[in-house]
Amino acid sequence: MDEPVERVDDRDRVLGVVGRRQAVREGWLHRVAVTVCRDERGRILVHRRSEQLSRFPGHYEVVVGGAVGVGESYEQAAARELAEELGIHVLPRLLFTFVNRSGLSPHWLGVHEAIVPDTVVPDPDEIAWHGRLTEPELRSALREWRFTPDSHEAFSRYLAFRTARS
């Protein structure tokens, strides 16, 4: 079996363990955890995916993340992905979850936020480039650059969440 994930229902309850490729191919709900990474000045980390990746090679992303493993919480998966992809150890804060129907297949998306240090060490197998943008710069980039579907959906909901909380 490829990367094992928990297949979940429309209320995010576990139905069983399946391979991630099978979940994507069959359109089965599973969990993905992502983090919006901000610095102390509020700029948002943006990165371009490696050309070698099977999903959305060369696309830009506003979030860092990946599949939630079997038995993992959204927070644990988000922290693991930050360590694997950026070489940082921080505890991201879960903001909200929703069923995301954009991208390759439907999935529950747990959106987190974390303040990350200025120095990160991206995994070159995952990340080809990274930089930090202000919210206005990012809004412009989202219209001009080729971002993943998850980035568009997660970031628009993230902004709406932040606006509702202020």
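Modeller: Here, buried means under 20% relative accessible area and exposed means over 50%, with partly exposed in between (1.4 Å probe, protein chains only). This is a predicted model, where local features need pLDDT of at least 70 and side-chain atom pairs count only at pLDDT 80 or more, while totals for chains, interfaces and linings use all residues. Residues are numbered from 1 along each chain as its sequence is written, and side-chain values use heavy atoms, leaving out hydrogens and water.

Colleague: Happy to start with helix H3. Which of its residues are buried?

Modeller: H3 covers residues 135-144, and its buried residues are Glu 135, Leu 138, Ala 141 and Leu 142. Helices (H or I, at least four residues) and strands (E, at least two) are DSSP runs, numbered from the N terminus.

Colleague: How do you know that the buried residues line one face of H3?

Modeller: Looking down the axis of H3, they fall within an arc of 115°, so they line one face. That arc is taken over the directions from the helix axis to the C-beta atoms. On the face turned away from the buried side sit the exposed residues Pro 136, Arg 143 and Glu 144.

Colleague: What do the buried residues of H3 pack against?

Modeller: Their partners are strands E3 (31-38), E4 (44-49) and E9 (127-133), plus helix H4 (149-165).

Colleague: Now to strand E8, where Glu 113 is placed. Why is Glu 113 called buried?

Modeller: Its relative accessibility is 16%, so Glu 113 counts as buried.

Colleague: What makes the pairing of Glu 113 and Tyr 158 a polar contact?

Modeller: Their side chains are joined at 2.3 Å. A polar contact is a pair of N or O atoms within 3.5 Å; within protein, one must be able to donate a hydrogen and the other to accept it, and residues adjacent in sequence count only if both atoms are side-chain atoms. At 2.3 Å, the pair meets that limit.

Colleague: And why is Ser 105 called buried?

Modeller: The relative accessible area of Ser 105 is 7%, so it is buried. Ser 105 lies in the loop between strand E7 (93-100) and strand E8 (107-115).

Colleague: Which residues does Ser 105 touch, beyond those up to four places away in sequence?

Modeller: Ser 105 touches Ala 23, Val 24, Gly 27, His 30 and Asn 100, where contact means heavy atoms within 4.5 Å. By comparison, the C-alpha atoms of Ser 105 and Ala 83 are separated by 25 Å, although these residues are 22 residues apart along the chain.
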